[in-house]
Amino acid sequence: MTFGAKGGEFAEAYIISHEYGHHVQNLLGDLQGGGGSGAESTAVRTELQADCYAGVWAKHAVETGYLEPLTGEQISQALDAASAVGDDRIQQQMQGWVNPETFTHGTSVQRQTWFRVGLDAGDPLACDTFHADI
Ligand SMILES: [Zn+2]
């Protein structure tokens with residue numbers, strides 16, 4: 001599957017791991033409906049946590065040799081690609097419909113920050129974007 005994003009193979013892996021992060025949130029009961037659209041909204045916190053979980057995955061993927069160690073440039077490209085693509089287009093391709101409640105993402109700075117929190121910590125417990133100062 002192609003999402004039409006630039007940024008190379010890690011960008012694709014990042015997008016898939018972000019979506020898998022939403023799956024984990026769903027299993028944990030952390031996917032809450034609605035959530036508004038402001039900078040501190042539940043919707044943004046949900047997206048930033050998925051970015052953080054993607055970072056946790058990436059750290060372990062590097063440790064197990066699945067991924068080459070990541071450069072800062074690769075991370076920037078991947079997050080740019082993710083912003084360009086957005087969950088809305090991914091949902092449309094995978095489900096054939098779009099849920100507008102999930103359109104809101106954080107800023108690219110917020111997304112990079114939380115990806116790096118996950119990448120540095122390697123622990124999903126570090127990804128408490130619902131209570132942290134985002
Ligand atoms: Zn998302």
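## Overall picture

Residues 24 or more positions apart account for 77% of the contacts in the chain with a separation of 6 or more, where contact means heavy atoms within 4.5 Å. This is a predicted model, in which local features need pLDDT of at least 70 and side-chain atom pairs count only at pLDDT 80 or more, while totals for chains, interfaces and linings use all residues. Residues are numbered from 1 along each chain as its sequence is written, and side-chain values use heavy atoms, with hydrogens and water left out.

The secondary structure comes to four helices and zero strands, and along the sequence the pattern reads α-α-α-α. Helices (H or I, at least four residues) and strands (E, at least two) are DSSP runs, numbered from the N terminus. Of the 134 residues of the chain, 40% count as buried. Here buried means under 20% relative accessible area, exposed means over 50%, and partly exposed covers what lies in between (1.4 Å probe, protein chains only).

## Helix 2 against helix 4

Let us start with helix 2 (residues 42–63) and helix 4 (residues 108–121), whose axes come within 6 Å and cross at roughly 40°. That makes helix 2 oblique to helix 4; angles under 35 degrees count as roughly parallel, over 145 as roughly antiparallel, 65 to 115 as roughly perpendicular and the rest as oblique. The axes are lines fitted to C-alpha atoms, for helices over the stretch in contact, with angles running from 0 to 180 degrees between N-to-C directions. The crossing of helix 2 and helix 4 is right-handed, a term for a near helix turned clockwise from the far one by less than a right angle, with anticlockwise being left-handed.

On the helix 2 side, the contact includes Val-44, Leu-48, Cys-52, Ala-54 and Lys-59, and on the helix 4 side the residues include Arg-111, Trp-114, Phe-115, Val-117 and Leu-119. By class, the contact of helix 2 with helix 4 has eleven nonpolar, three polar and four charged residues. In this scheme Ala, Val, Leu, Ile, Met, Phe, Trp, Tyr, Cys and Pro count as nonpolar, Asp, Glu, Lys and Arg as charged, and the others, Gly among them, as polar.

## Helix 1 against helix 2

Helix 1 and helix 2 pack at an angle of about 115°, with their axes 8 Å apart. The crossing of helix 1 and helix 2 is right-handed. Helix 1 brings residues including Phe-10, Tyr-14, His-18, His-22 and Leu-28 to the contact, and helix 2 brings, among them, Thr-46, Glu-47, Tyr-53 and Trp-57. The residues of the contact of helix 1 with helix 2 divide into ten nonpolar, seven polar and two charged.

Thr-46 is found in helix 2 and is buried, with a relative accessible area of 6%. Leaving aside neighbours within four places in sequence, Thr-46 is in contact with His-22, Gln-25, Leu-31 and Phe-130. Val-24 lies in helix 1 and counts as partly exposed at 26% relative accessibility; the C-alpha atoms of Val-24 and Ala-50, 26 residues apart along the chain, are separated by 8.7 Å.

## Aromatic pairs

The count comes to three aromatic pairs. Rings of Phe, Tyr and Trp (its six-membered ring) pair if their centres lie within 6.5 Å, and planes under 30 degrees apart count as stacked, over 60 as edge-to-face and the rest as tilted. The rings of Phe-10 and Phe-115 have centres 6.2 Å apart and planes at 65°, so this pair is edge-to-face. Because Phe-10 lies in helix 1 (residues 8–28) and Phe-115 in helix 4, the pair ties together parts that are 105 residues apart in sequence. Both Phe-10 and Phe-115 are buried.

Trp-57 and Tyr-66 also form an edge-to-face pair, with ring centres 6.2 Å apart and planes at 70°. Trp-57 is partly exposed, with a relative accessible area of 30%, whereas Tyr-66 is exposed at 63%. Phe-10, Tyr-14 and Phe-115 form one aromatic cluster.

## Links across the sequence

Gly-8 lies in helix 1 and is partly exposed, with a relative accessible area of 44%. The C-alpha atoms of Gly-8 and Gln-74, 66 residues apart along the chain, are separated by 8.2 Å. Asp-128 is found in the segment after helix 4 and counts as partly exposed at 33% relative accessibility.
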